[in-house]
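Hi there,

Here is the structure I promised to pass on. Have a look first, and then read my notes below.

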Amino acid sequence: MTRFFGRLLAGTVLAGMLLAAGAQAQTPTPQQLEMLRQLPPEQQRQLMEQFQQRNGSTVRDQPLEQPAQGDQQGVNGRNGLNGTTNEGPAEREPVLDEATGLPLFGYDLFAGVPSTFAPVTDIPVPTDFEVGVGDTVQVQLFGKTPGNFSLVVNRDGAINFPELGPIQVAGLSFDQVRQLLQDRVSQQMIGVSASVSMGELRSIRIFVLGEATRPGSYMVSSLSTITNALFASGGVKPIGSLRAIQHKRNGQLVGTLDLYDLLLRGDTRGDARLQPGDVIFIPPVGTRVGIQGEVNRPAVYELESATTAEEMVRLAGGLTATAHPQGATLSRVNDSQDRVILDLDLNAATGRATPVKAGDLVDVPAVIDRMDNRIELAGHVFRPRAVQYRPGMRISDLLPSLEYLRPLADANYLLIRRELRPSRRIVALSADLEQALAAPGSVADVELQPGDRVSVFTREALPEELMSPEMMLEQQAAQQRMPNGQPGNAAAADTEFSEEELERRLAADRRTVVDALLEELELQTSLEAPAQLVRVDGRVRDPGAYPLEPGMTVSDLLRAGGSLSESAYIASAEVTRYQVVGGEYREAELVEVDLAGIAAGDPAADFMLQPYDFLNVKEVTNWREQESVTLLGEVRFPGTYPIRKGETLLSVLQRAGGLTDRAFPEGAVFTRVELRQREAEQLRRLSQRMEADLSALALEGAQAGQAGGDAQAMETIATGRSLLGDLQSATPVGRLAMDLNRVLQSEPGSARDIVLEDGDMLMVPGPMQSVTVLGEVQSPTSILFEEGLSRDDYINLSGGMTRRADTDRIYIVRANGQVSASESRRWFSAADTTVEPGDTIVVPTDIERMRPLPLWSAVTSIIFNLAVAVAAVNSF
């Protein structure tokens, strides 16, 4: 009775402590858990349910026993095997060997092991399970007297069965207990049968010692095995053995677990079930040997006994398909403490039988990534691929038809990269696919050799976004050599390419492939063997340097350069040939080339080239790309008109039918590309000068600020920065100010007539009825023209001038772009204020009152004039 009341009091106190801990979301202390284990099972269950309701979790989710060393958590093993929590283990990462960088085999099994485990209670209990104190036996009676009983094995090893009394079950297997209870029920309870199963299982205390991650004492399920205990302790340290884990009981060695049996063969026979008080001891690691290279599982392995190189390969999962076993090596520390390399032929019996020892590293290389019996086809073809070489194979065998080429492919110049054996020197050849298909087996149908790479180029330019900086510079230089050089292909500027498409385009670009081959050829250059390259420039489609082929002639170089362009002068060309005289100096020699004879098939005209020869194809005299001008507005037939060299504006206007009756020639706008480029350059230079001036003013202002401050300098800097912003955002127009009426009244071809250039544009507006006021006025606007109003009248109609206006420098930009000024070269006076329709009155800012720098006044004029020109152009 005293013991009963003691337990009741302890349960009441413990319930209050657990509920308080649950209210504060705290974990029960080890002392509280120890008190919990001393209570009857039914009272334990009630307290745990109350704690779960308060805390939202279960006591079983927390460790029932702290490890003996440190503050690491143990594992709850009561009533089930160890299982992971809901969070699950972290992603496993290999444990690496510091010396070799290879993973230590097997240790990643314990990487990311969670620190807490939830019990697993839904697994079947084996029939040979030994029932012990603390286990629960579930008995269901059915028949005459049905009932359900949960019977706990007490400390005497017996269960108290209602109506049958105590029954000794401890030490019996589960199958024996089930048979015993079924027999007793059927014999002593007439008309009643029993179904027996195991309920909650007892926990046992075991010890994990040695090189464990968290050695200590653990409470685990009575169904736990050695591996369960290892996971509970966090696994084996990298310095612990995986092959000689000892299982001890009462100081005696019961068995040894080799985890390699489990990891490599799935053999669990050594994973024995634990009993209370068992010790798992992890000794230090034994001999380790590494293996790397072309094996399926490169790692550092622990050896159980003397091992050979063949056994190491077997541990590593065998060789890969690309392994080169004859070239294997063995790295070893010899008796002199020096690391040496030994050859290891794994195809030979002696090599496979070579013993390995601690610290050895076996390296299995891969076969050489080179196929000697292949021909590679790349570039602008539908199916780039490598094919098997066959003796006597030619270009026509590789490409039996032009249908194999993509559109716009250059079928006349196929570049072949060849590596000569055994010298390994690289040479270049080319082939004309059209001639090869026309005469299969001829000299034009080049015979291939093993290892050849055949590149097919495209006739279209490589998009700018795929070009390297060097390629872009070379293209810009080539454009500068061309009249009216066209910009690069910007049509694909916003195009995105897949990796395959990008690789194909680069492989099909002539300059990309040729330059790469030229680099290889230049690496072979020596005093006895000059660089095998030649150049072609001028009127060819793809100028640049090309490999010098054996027996290469002028026609071959023209074919490499994409053939002659339409502007080529075919009567003659010239080759510049460089020769070193006596090993002392280099001189140039000009050799005339008869292009007409080459085109006619004259063998004498088509001579062979030498290293560094430079072929220059001239341009036809007076050759120009098609030029045109544009007429807009009040022209009888507006549009774009092609022009001939030296044609004038009056001539084109006559072709366009002249001006209409509504034309307002006083407001005509004439723009030119060259002037627009010049204005852009001027704006850039002025911006740089203004930035320098503002920096100097800022430095002066800082010095003045240290001496007491200079408010005027700060105002000047603010105004200057605003002016600089306007200058940088100004748009160049390229307007040529002119009086169209005077041009129309002149004679065609006279000094007043304008000689046209490509891209010129004439815009003739209709009747204009407004006057625009810009600058320092209260309301910059356009005002309806009224006869008799002066400049000042229009300014007043715009609200008058602001305080920042420069009244001495007001000027008028006429409708034709000209600026009115007095004969004294000063800004015109108040008397010279006649205003016409389409004029713009500009009231500039008074710069002098803010200590301006010398060019600020000119900058303000430029900004306003550009604004007027832009407005005039935008009106069309």
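Two strands count as paired if DSSP finds at least two bridges between them. Helices (H or I, at least four residues) and strands (E, at least two) are themselves DSSP runs, numbered from the N terminus. With that in hand, take strand S8 (residues 203-210) and strand S9 (residues 216-221): they run antiparallel and are joined by six bridges. Ile204 stands opposite Val220 in S9, and a hairpin of five residues links S8 to S9.

Before going on, a word on where this comes from. This is a predicted model, so to speak of local features I need pLDDT of at least 70, side-chain atom pairs count only at pLDDT 80 or more, and totals for chains, interfaces and linings use all residues. Residues are numbered from 1 along each chain as its sequence is written, and side-chain values use heavy atoms, with hydrogens and water left out.

pLDDT is the predictor's confidence in each residue, from 0 to 100. The chain has a mean pLDDT of 80, and 77% of its residues reach 70 or more. Over residues 1-26 the value is below 50, and beyond near neighbours in sequence this stretch has 32 contacts in the model (a contact means heavy atoms within 4.5 Å). Residues 477-495 also stay under 50 in pLDDT, with 23 contacts beyond four places in sequence.

**The chain as a whole**

The chain has 876 residues, and 42% of them are buried. Buried means under 20% relative accessible area, exposed means over 50%, and partly exposed is in between (1.4 Å probe, protein chains only). The secondary structure comes to 21 helices and 37 strands. Of the contacts between residues at least 6 apart in sequence, 65% join residues at least 24 apart.

S8 has another partner to look at: S8 and S12 pair in the parallel sense over four bridges, and Val208 has Ile280 in S12 as its bridge partner. S12 (residues 279-282) is also joined to S10 by three bridges, and here the two strands run antiparallel. Lys248 has Val279 as its bridge partner in S12.

What does S10 do with S11? S10 (residues 245-249) and S11 (residues 252-257) pair in the antiparallel sense over five bridges, and Arg249 has Gln252 in S11 as its bridge partner. The two form a hairpin with two residues between them, and Asn250 in the turn has a positive phi of about 60°.

Elsewhere there is an open sheet of five strands, in the order S14-S13-S19-S16-S17, with mixed pairing. Which strands stand at its edges? They are S14 (299-303) and S17 (339-344); each has a single partner strand, so one side of each is left without a neighbour in the sheet. Neighbouring strands of this sheet are turned by 25° against each other on average, direction ignored (the axes are lines fitted to C-alpha atoms, for helices over the stretch in contact, and angles run from 0 to 180 degrees between N-to-C directions). Inside the sheet, S16 (residues 328-333) and S19 (residues 361-364) pair in the antiparallel sense over three bridges, with Val362 in S19 as the bridge partner of Leu330.

**Helix H13**

H13 (residues 510-523) has 14 residues and reaches 20 Å from its first C-alpha to its last, close to the 20 Å expected at 1.5 Å a residue; the expected span is 1.5 Å times one less than the number of residues. Which of its residues are buried? They are Arg510, Arg511, Val513, Val514, Leu517, Leu518 and Leu521. These cover an arc of only 165° around the axis, which puts them on the same side of H13; the arc is that of the directions from the helix axis to the C-beta atoms. An α-helix has 3.6 residues a turn, so residues three or four places apart point the same way. The face turned away from the buried side carries the exposed residues Glu519 and Leu523.

Leu523 counts as exposed because its relative accessibility is 74%. The C-alpha atoms of Leu523 and Ile426 are separated by 9.9 Å, with the two residues 97 apart along the chain.

**Some backbone details**

Glu163 lies in the loop between S5 (158-161) and S6 (165-168), and its phi is near 75°, a positive value in a residue other than glycine. Glu163 is exposed, at 66% relative accessibility. Tyr612, in the loop between H15 (595-599) and S29 (614-617), also has a phi near 75°, but Tyr612 is partly exposed, at 34%. Lastly, a cis peptide bond joins Arg421 and Pro422, with omega about 0°; Pro422 is in the loop between S22 (409-419) and S23 (426-431).

Happy exploring!
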